[in-house]
Amino acid sequence: MENLIDDKTEQTVVRYIPRNATLYSLAEFFSACSDVTRAKIICALSISEMCVSDLSRILELNQTTCSHQLRLLRAADIVKQRRDGKIIYYSLKNPKIEDVLLAGVEFLGL
């Protein structure tokens with residue numbers, strides 16, 4: 001089959017495509033964000049640190065569902081936790097996650 005792309009462009013594409021490990025991590029990140037409940041939790045935590053009971057009340061989720069989704073977000077390295085006595089507070093692990101959300105909203109024109 002004949003190449004329609006020039007050699008320089010082909011070399012540039014090959015050079016700059018991330019390694020498979022990087023692409024896998026990127027896919028995992030977006031997969032973790034792709035659930036509506038998790039997206040709500042991420043949005044809420046971009047505003048304020050909260051515990052499970054506050055998140056579940058504000059987002060109208062049962063606490064079991066909220067805890068399960070937070071566990072998935074922690075496993076994806078999106079959310080971190082902080083213990084204060086018996087209460088565990090959750091927050092976004094990196095403020096750049098907010099930028100990703102805002103870029104998605106802007107891309108969709110919402």
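At the start of helix α5, a side-chain oxygen of Asn-62 comes to within 3.0 Å of the backbone nitrogen of Thr-64. The model is predicted, so local features need pLDDT of at least 70 and side-chain atom pairs count only at pLDDT 80 or more, while totals for chains, interfaces and linings use all residues. Residues are numbered from 1 along each chain as its sequence is written, and side-chain values use heavy atoms, with hydrogens and water left out.

Helix α5 covers residues 63–75 and has 13 residues; helices are DSSP runs of H or I with at least four residues, strands are runs of E with at least two, and both are numbered from the N terminus. From first C-alpha to last, α5 reaches 18 Å, close to the 18 Å expected at 1.5 Å a residue, the expected span being 1.5 Å times one less than the number of residues.

Cys-66, Gln-69, Leu-70 and Leu-73 of α5 are buried (under 20% relative accessible area, with exposed meaning over 50% and partly exposed in between, for a 1.4 Å probe and protein chains only). Seen down the axis of α5, the buried residues fall within an arc of 105°, so they line one face of the helix; the arc is that of the directions from the helix axis to the C-beta atoms. An α-helix has 3.6 residues a turn, so residues three or four places apart point the same way. The face turned away from the buried side carries the exposed residues Thr-64, Arg-71 and Ala-75.

The buried residues of α5 pack against α2 (20–33), α3 (36–47), α4 (52–59), β2 (79–84) and β3 (87–92), contact meaning heavy atoms within 4.5 Å. After α5 comes Asp-77, with a positive phi near 65°.

Conventions. A polar contact is a pair of N or O atoms within 3.5 Å; within protein, one must be able to donate a hydrogen and the other to accept it, and residues adjacent in sequence count only if both atoms are side-chain atoms.
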